[in-house]
Amino acid sequence: MFALTVARRYLTSNPAQTVLLVTGVALGVTVFIFITALIEGLAINLTEQVTGNSAHVTLEPATRLAQILPGDDGVRTEGVALISTFQRSQIRTWSSTVDLIRSQSGVAGLSPQISGNAFLVKGEAVQPVSVTGLEPEGLDAITPITPSLVSGQGALGADGLLIGVELAKDLGLTAGQPVLLRTDRGGERLLTVRGIFKTGLQSLDSRVAFMSLQTARPLFNLPEGVTNIEVKLDEPGRAREVADFLAGATGLRATPWQDKNLNLEAALDAQGRTGTLIQIFSLISIIIGVASALVLSAYRRRSEVGIMRAFGISGRFIVAVFMLQGLLIGLAGGLLGCLSGYGLCTFLASLTGADGTPPLPIAPERGGYVAVLILTTLGAVLASAFPARSAARIDPLEAIQQ
Amino acid sequence: MSSVLQARGVVMTFRNGDEETQVLRGIDVDLAPGELVALVGASGSGKSTLLSILGLLLRPTEGEIQIAGQRVDDMGEKARAAFRNQRLGFVFQFHHLLPDFSAMENVAFPAAAPAGGISPEMRRRALSLLERVGLADRAHFPASRLSGGQKQRVAIARALMNRPELVIADEPTGNLDLRSAGQVLDLMGEVNREEGGTFLICTHDEHVAARCHRRILLVDGKVQPQEEKAIPGG
Ligand SMILES: Nc1ncnc2c1ncn2[C@@H]1O[C@H](COP(=O)(O)OP(=O)(O)OP(=O)(O)O)[C@@H](O)[C@H]1O
Ligand SMILES: [Mg+2]
């Protein structure tokens with residue numbers, strides 16, 4: 001294509017200006033990528049902080065009511081509000097439900113549980129606890145408990161109990177000691193504290209006790225069912241979609257984590273909008289830069305374009321010459337910007353602050369590279385449309401007479 | 001008689017607000033194939049205006065124009081552009097070469113742009129034209145590095161690229177010293193003899209006019225009747 005040859009020649013004839021222009025575009029693209037990777041990284045980071053120790057989707061019997069209660073640390077967590085009826089609400093067909101969930105892609109882990117309220121009694125001291133009975137192999141599926149153990153070990157056994165470090169302190173318990181557990185269903189048993197964990201989350205460390213599902217069954221009067229199934233996903237962002245699917249497929253009530261953390265979702269949305277605004281402005285600055293450079297170039301070359309018109313070369317050809325310049329600048333600047341943006345982000349992500357984590361929670365792989373490359377190229381072509389049209393309209397006579 | 005160009009009753013009136021200037025007042029021109037014609041006249045007599053009209057770069061206020069047997073004054077813009085590209089050639093006082101392209105590329109440009117590239121045949125034609133204008137050794141020089149006379153010779157080669165029926169030249173030697181002007185003129189004469197094209201050359205230079213077959217004298221917007229010189233070889 002000859003118009004491309006001419007466009008390339010025009011760009012290479014003034015290398016300094018072209019390099020400057022491409023660098024400008026690349027800079028805009030770098031800003032776009034940096035902001036995208038930062039906003040995405042922040043979202044991942046915040047989501048991880050909030051959901052790292054809890055489920056992404058919770059399945060419960062449809063009839064059971066749950067309340068959103070503010071926890072001690074201000075984070076809204078689900079308080080268990082049981083309805084005391086003789087017929088305990090439960091998921092009886094949980095093993096088939098577990099198979100169904102496990103067969104879904106993107107499921108990182110799941111844990112069928114019996115959740116209930118109880119008191120731990122040690123001598124004179126009595127503390128309320130939320131008891132979670134789970135399959136021992138699912139202990140770390142939702143919350144990494146084993147890695148957070150500060151004493152004892154994670155094997156639950158038939159009468160074992162894992163409690164948080166705050167609770168242990170309140171009751172003066174250490175690993176290996178016995179403690180009496182009395183449930184709100186009237187069950188009572190002497191259990192042994194096998195391990196003490198410290199997750200850093202107040203609500204877990206001061207109020208929760210883990211035991212095996214088998215131990216929980218008689219205590220909560222649930223010989224076969226479970227009260228809830230907790231699901232962890234590879235991508236927390238898909239929780240709502242997965243919850244909708246599971247609710248439809250199982251008839252159970254499926255709650256995505258966002259519904260329990262509405263504040264976080266709003267914050268992430270606001271952050272996302274800020275990012276979008278900066279992205280739009282960086283694209284606009286790219287478009288303005290390319291447009292003004294090409295307007296100048298079309299002006300400088302008016303007599304050349306005029307002679308082409310005198311020789312009967314079509315307006316389409318001249319439009320193509322200028323729009324192809326835009327395309328080449330957009331592509332070159334976009335590719336260069338993607339490289340430098342990725343370089344900048346990986347560099348920032350590799351830095352470590354005082355606490356060993358990067359000072360900016362940047363996600364270099366989430367820079368929106370393909371999107372910015374397409375948008376920049378389209379934007380640059382769009383930016384060249386106006387100078388291209390005005391060049392094609394140059395009157396050959398005016399240009400020849402100068 | 002078939003004529004390359006036939007213009008009848010060409011009138012050009014420029015309007016600037018309320019002010020009206022009639023530059024051409026009913027001009028008739030006939031050019032036979034192979035003619036080399038000088039267009040002469042005082043400064044401001046309307047020579048460039050007439051050339052622009054005959055070259056389809058400007059629409060006359062009135063008048064009928066036929067080139068190569070085709071009515072051209074009522075054509076649309078696109079058709080006029082295509083006609084200029086295929087049937088006409090232009091040489092201006094200033095060369096107007098594309099500085100970022102080589103001499104060969106400049107010559108081939110009028111053929112290459114509509115076709116989408118320089119074909120081997122275009123290349124051969126451009127090189128042979130450059131050879132004819134004595135610039136075979138400068139074919140791959142960037143146009144910006146040629147001398148003024150060389151540039152104008154490249155511009156002449158470019159005007160001939162598409163084998164035009166009519167070449168319109170507006171003071172082609174106006175910017176050149178005597179020697180270069182002579183070369184340029186020799187060249188147009190040679191090309192005219194060898195390729196048989198028709199040339200209409202506007203000039204102030206008596207040497208140039210003297211070497212043409214005949215002259216058209218423009219006075220006050222009208223063609224002044226002239227004694228004709230004998231057509232050489234005829
Ligand atoms: N666009 C225009 N608007 C108004 N007047 C014009 C325009 N173009 C040309 N003229 C006038 O028409 C007249 C003839 O101009 P033209 O350029 O054709 O003369 P010329 O014979 O080529 O002169 P020169 O030998 O100096 O080049 C001049 O008086 C000029 O001012
Ligand atoms: Mg003139």
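Leu56(B) sits in the loop that links α1 and β4 of chain B. The model is a predicted one.

- Leu56(B) has a relative accessible area of 1%, and because buried means under 20%, Leu56(B) counts as buried.
- Leaving aside neighbours within four places in sequence, the contacts of Leu56(B) are Ile67(B), Val72(B), Arg80(B), Phe83(B), Arg84(B) and Leu88(B).
- Between the C-alpha atoms of Leu56(B) and Gly197(B) there are 18 Å, while 141 residues separate the two along the chain.
- Helix α1 of chain B covers residues 47-54, and seven of its eight residues are buried.
- Those buried residues of α1(B) are Lys47(B), Thr49(B), Leu50(B), Leu51(B), Ser52(B), Ile53(B) and Leu54(B).

**Helix α2 of chain B**

- Which residues are buried in helix α2 (residues 77-87) of chain B? They are Arg80(B), Ala81(B), Phe83(B), Arg84(B) and Asn85(B).
- In chain B, the buried residues of α2(B) pack against β4 (62-67), β5 (70-71), β6 (88-91) and α3.
- The buried residues of α2(B) also pack against α11 (302-310) of chain A.

**Nonpolar cores**

- In soluble globular proteins, nonpolar side chains tend to be buried together.
- The largest nonpolar core here has 103 residues.
- Within this core, the residues with the most contacts are Phe317(A), Leu24(B), Phe109(B), Leu130(B) and Leu200(B).
- Helix α3 (residues 103-115) of chain B gives the largest share of this core, eight residues.
- Not counting residues up to four places away in sequence, Phe317(A) touches Phe2(A), Ala3(A), Val6(A) and Met308(A) in chain A, and Phe109(B) and Ala113(B) in chain B.
- Another core, of 43 residues, lies apart from the largest one and includes Ile101(A), Ile163(A), Ala168(A) and Ala209(A).

**Domains of chain A**

- Chain A is split into domain 1 (2-50 + 265-401) and domain 2 (94-226).
- The C-alpha centres of domain 1 and domain 2 of chain A are 56 Å apart.

**Cavities**

- Rolling a probe the size of a water molecule over the atoms shows where empty space is left.
- How many cavities of 30 Å³ or more does the structure hold? There are three.
- The largest cavity contains about 110 Å³ of space.
- Its lining has 13 residues, and those nearest the centre of the cavity are Tyr10(A), Leu11(A), Gln17(A), Ser297(A) and Gln325(A).
- Four helices of chain A, α1 (2-13), α2 (15-51), α10 (262-300) and α12 (315-350), each supply at least two residues of this lining.
- The largest share of the lining, four residues, comes from α10(A).

**Cysteines**

- A disulfide is a covalent bond between the sulfur atoms of two cysteines.
- Over all chains, the count of disulfides is zero.
- Cys202(B) is buried, with a relative accessible area of 0%.
- Cys212(B) is buried as well, at 3% relative accessibility.

**Two further residues**

- Val126(A) belongs to strand β5 (residues 125-134) of chain A.
- Is Val126(A) buried or partly exposed? At 44% relative accessibility, Val126(A) is partly exposed, because that class lies between 20% and 50%.
- Leaving aside neighbours within four places in sequence, Val126(A) is in contact with Phe119(A), Leu120(A), Val121(A) and Leu171(A).
- From Val126(A) to Val208(A), the distance is 14 Å, C-alpha to C-alpha, and the separation in sequence is 82 residues.
- Ser3(B) lies in the segment before β1 (5-16) of chain B.
- Ser3(B) has a relative accessible area of 17% and is therefore buried, since the limit is under 20%.
- Apart from neighbours within four places in sequence, Ser3(B) is in contact with Asp30(B), Leu31(B), Pro33(B), Ala68(B) and Gly69(B).

Note on methods
Residues numbered from 1 in each chain as written. Chains lettered and ligands numbered in written order. Predicted model: local features only at pLDDT ≥ 70, side-chain atom pairs only at ≥ 80, totals over all residues. Heavy atoms only, no water. Core = buried A, V, L, I, M, F, W, Y, C linked by side-chain atoms within 4.5 Å. Buried < 20%, exposed > 50% of the residue type's maximum accessible area, 1.4 Å probe, protein only. Contact = heavy atoms within 4.5 Å. Domains from an automatic or database assignment. Disulfide = S-S within 2.5 Å. 1 Å grid on protein atoms, 1.4 Å probe; cavity = no way out; pocket = protein on both sides within 12 Å on 5 of 7 lines; lining within 4 Å. Points joined across faces, edges and corners; volume = space filled by probe spheres on them.
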